[in-house]
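Dear colleague,

Please find below the structure that I am handing over to you. My notes on it follow directly after the sequence and coordinates.

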Amino acid sequence: MALREIVKLPDPILKTVSSPVEAVTDDVRKLLDDMLETMYDAPGIGLAAVQVGIPKRLVVIDAVREEDEPRDPIFLINPEITWSSEETVEYEEGCLSIPEVYDNVARPAEVKVRYLDRDGEPCERHCDGLLATCVQHEIDHLNGILFIDYLTRLKRDRVVKKFSKAARQSKEPV
Ligand code: NI
C-alpha cells in the first residue's frame, strides 16, 4: 500500500464525471487499498478516486466515529443510489479536497446503494446516519459535485476564491 497525494480545490479534475470501472482487477484493488490508507492517514471518513487524480467510479468509506472501535472499511465500485428517503438530515460536512472548510448540508437521511465490492461481487446496502451522508457526498464526487456546491453562491464563491488565491501564491517564485 502507498499513500497518494490528495487533489485540492481548485484543481479542475474535481469537476470531472468519473468513468465506470469495467473489471475489478488487482490494479483496481491496489488503488482501493492505497485510497484507504490515504484516507486513514489524512484522516478522513471517505475518499473518491478522483480525489487522488484518477477519475474512476471508486470510493472508500469508513464512517466509524469512535476511535476505539475497530476499523470497518467499505469499498464501493460503480456505486449507485437506488433509493433515497424523503426525510432529510443536516450534517456539518467537510472534504479532504477542501481542507478546513465545514458547513451544513441537508441530504436524504437514508439511502440504498448498489455497488460491486472489492471482490467484484454485487452488493446492496441500506445506509443511515453519518454513513448515508458520507455515501452521498462520495458519489457526488464521482459526478463532479462538491459539498460546497450546495451552499449559497456567496459562500461557495468565497471558498473557491480563497483556494484559487492560495494555489496562485504557491506557484509564485520565492
Ligand atoms: Ni469530499
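In these notes, a residue counts as buried when its relative accessible area is under 20%, and as exposed when that area is over 50%. Please bear in mind that the model is predicted.

I begin with the metal site. Three protein donors are found for the nickel ion: the SG atom of Cys95 and the NE2 atoms of His137 and His141, at 2.1 to 2.3 Å from the ion. Along the sequence, these donor residues follow the spacing C-x41-H-x3-H. Cysteine 95 sits in the loop that runs between strand S4 (88–93) and strand S5 (103–108), whereas histidine 141 belongs to helix H2 (residues 129–142); the pair therefore ties together parts that are 46 residues apart in sequence. Histidine 141 has a relative accessibility of 1%, so it counts as buried under the cut-off of 20%. Cysteine 95 is buried as well, with a relative accessible area of 9%.

The next item is helix H1. This helix covers residues 26–41, and its 16 residues should span 22 Å at 1.5 Å a residue; the end C-alpha atoms are 22 Å apart, in agreement with that expectation. The buried residues of H1 include Val28, Leu31, Leu32, Met35, Leu36 and Met39, and among them are also Arg29, Asp33 and Asp34. Strand S1 (46–48), strand S2 (58–61) and strand S3 (74–84) are the elements against which the buried residues of H1 pack.

By class, the lining of the largest pocket consists of 16 nonpolar, 7 polar and 12 charged residues.

Most peptide bonds are trans, and most residues other than glycine have a negative phi. A cis peptide bond links leucine 9 to proline 10, with omega at about 5°; proline 10 is placed in the segment before H1. Another cis bond joins alanine 42 and proline 43, with omega at about -5°, and proline 43 lies in the loop between H1 and S1. Asparagine 78, in strand S3, has a positive phi of about 50°. Glutamate 100 has a positive phi of about 65°; this residue is located in the loop between S4 and S5 and is exposed, with a relative accessible area of 69%.

With kind regards

Terms used:
Residues numbered from 1 in each chain as written. Predicted model: local features only at pLDDT ≥ 70, side-chain atom pairs only at ≥ 80, totals over all residues. Heavy atoms only, no water. Donors = N, O, S within 2.8 Å, 3.2 Å for Na, K, Ca; no water. Helix = DSSP H or I, 4+ residues; strand = E, 2+ residues; numbered from the N terminus. Buried < 20%, exposed > 50% of the residue type's maximum accessible area, 1.4 Å probe, protein only. Expected span 1.5 Å × (residues − 1). Contact = heavy atoms within 4.5 Å. Nonpolar A, V, L, I, M, F, W, Y, C, P; charged D, E, K, R; others polar.
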